[in-house]
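I opened this notebook to record what I looked up in one protein structure. The entries follow the order in which I worked.

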Amino acid sequence: MRAAVGAVVDPELRRPLSELGMLRDISVDGGVADVGIALTIVGCPAADRIARDVTDAAASVPGVDSVALHVGVMTADERRELTERLRGGRAARVMPFGPDSLTRVVAVTSGKGGVGKSTVTANLAVALAERGLAVGLVDADVHGFSIPGLLGLVDADGRTAKPTRIDELIVPPVAHGVKVVSIGMFLREGDEGAAVAWRGPMLHRTVQQFLTDVYFGDLDVLLLDMPPGTGDVAISVGQLLPHADVVVVTTPQSAASDVAIRSALVARQTGQRVVGVVENMGPLTLPDGTVLDLFGAGGAQAVADALSAQGDDVRVLASIPLSPALRQDADAGIPVVVAHPGDAAAIAIAGLAERLASRPRGLAGRSLPFAPR
């Protein structure tokens, strides 16, 4: 019984209850199972699902006819032990994505707004998760946050899903297998549509807290949806994550591609590596076979050529065609790679995920968490 109940996975922390110290007294008498568990906090948003999963697990044990579930809450000491366990001994507010981390950090940027950078980032995150990777997504576009809406974390009344706080640890919501954090999740209820008018120091502190206080667990990939341009957040992320890879999003037209080059150059100045360019709103093949290049063609290749001439070899990673489904699904809060995987835009994004996933971060130059005897 204890093994069956202990194997239940907490839907937020993504670890078995037995590893989280959430099991209490468990006994079986005459076909009746008495099962005690302790939730992390009062009002835990996953309480109903945990209770249901624990009850089902207990009922599946041979000889059990009914289950009496007793739900309590962890003590302050137990929560402190839990947060220490989750951090793996790492002190609070210490960067877990430093140069020695096995997590590949990819910052998705653009020169200007309106090129679909956030839509591409949200769909890319889900496409990577569908490949079986552990993915986190930081909405670093504080002034223009949109990731919660794109991933369906905003309900019909405009309320954004909230993270769970375990003392100083922030557990992010999960959407389509992606752990997500955004400033929109921390605005007071009723203020979701308010503007975030912050300057440099506040922006830096926000991004730093997203990277240090949010519990993402062991990630394969951490994506950052960057604000457009070369402002404060771009500089802060360059300082906090100088080893990050950068993907530049542009549209085919020169008005966007010329500006996109600048965002890549700022990333290079902080030590980050530009790994490729993504062209969004590219030529669309119509049902009769004709091609509609509403925004022109060749912008991404122009960016890649310009950046390659000034440094590392930069290639076009994907050309995502104009797609009504991509726009409609984004408005509905459902990634096109989930809702319409056969759409041309979804196929292009899946190809982008394949290319990024096939280039994992290497181990050269990094210390591993063990030493020879």
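**Entry 1: ground rules**

I noted that this is a predicted model, in which local features need pLDDT of at least 70 and side-chain atom pairs count only at pLDDT 80 or more, while totals for chains, interfaces and linings use all residues. Residues are numbered from 1 along each chain as its sequence is written, and side-chain values use heavy atoms, with hydrogens and water left out.

**Entry 2: the open sheet**

I took helices (H or I, at least four residues) and strands (E, at least two) as DSSP runs numbered from the N terminus. Two strands pair if DSSP finds at least two bridges between them. I found an open sheet of eight strands with mixed pairing, in the order 8-9-5-10-4-11-12-15. Strand 8 (174-175) and strand 15 (315-321) stand at its edges with a single partner strand each, so one side of each has no neighbour in the sheet.

I then looked at what packs on this sheet. Helix 13 (residues 344-357) does so, touching strand 4 (104-110), strand 11 (245-250), strand 12 (273-282) and strand 15; contact means heavy atoms within 4.5 Å. The direction of helix 13 makes about 160° with that of strand 15. For such angles, axes are lines fitted to C-alpha atoms, for helices over the stretch in contact, and the values run from 0 to 180 degrees between N-to-C directions.

**Entry 3: strand 5**

I asked which strands pair with strand 5. Strand 5 (residues 135-139) runs parallel to strand 10 (residues 221-225), and five bridges join them. Leu-137 stands opposite Leu-223, and Val-135 has Val-221 as its bridge partner. Strand 9 (residues 178-182) also pairs with strand 5 in the parallel sense, over five bridges, and there Val-181 is the partner of Val-138.

I recalled that side chains in a regular strand alternate between the two faces of the sheet. In strand 5, Val-135, Leu-137 and Asp-139 point one way, Gly-136 and Val-138 point the other way, and all are buried. Buried means under 20% relative accessible area, exposed over 50% and partly exposed in between (1.4 Å probe, protein chains only).

I turned to strand 2 (residues 32-39). Six of its eight residues are buried, so strand 2 is largely enclosed by the rest of the structure. On pairing with strand 3 (residues 66-73), strand 2 runs in the parallel sense over eight bridges, and Val-32 stands opposite Ser-66.

**Entry 4: a pocket and a cavity**

I wrote down the rule before using the values. On a 1 Å grid over the protein atoms alone, a cavity is a set of points where a 1.4 Å probe fits but cannot get out, a pocket is an open set with protein on both sides within 12 Å along at least five of seven lines, and lining residues have an atom within 4 Å of a point. Grid points are joined across faces, edges and corners, and a volume is the space filled by probe spheres set on the points.

The second largest pocket has a volume of about 290 Å³. Its lining has 14 residues, with Thr-119, Met-281, Ser-323, Leu-326 and Arg-327 nearest the centre. Helix 11 gives the largest share of that lining, five residues.

I counted one cavity of 30 Å³ or more by this rule. The largest cavity holds about 90 Å³ of space. It is lined by 14 residues, and those nearest its centre are Met-226, Ala-234, Ser-263, Ala-267 and Gln-272.

**Entry 5: two residues**

Not counting residues up to four places away in sequence, Asn-123 touches Leu-326, Pro-335, Val-336, Val-337 and Ile-349.

Thr-230 lies in the loop between strand 10 and helix 8 and is partly exposed, with a relative accessible area of 39%.
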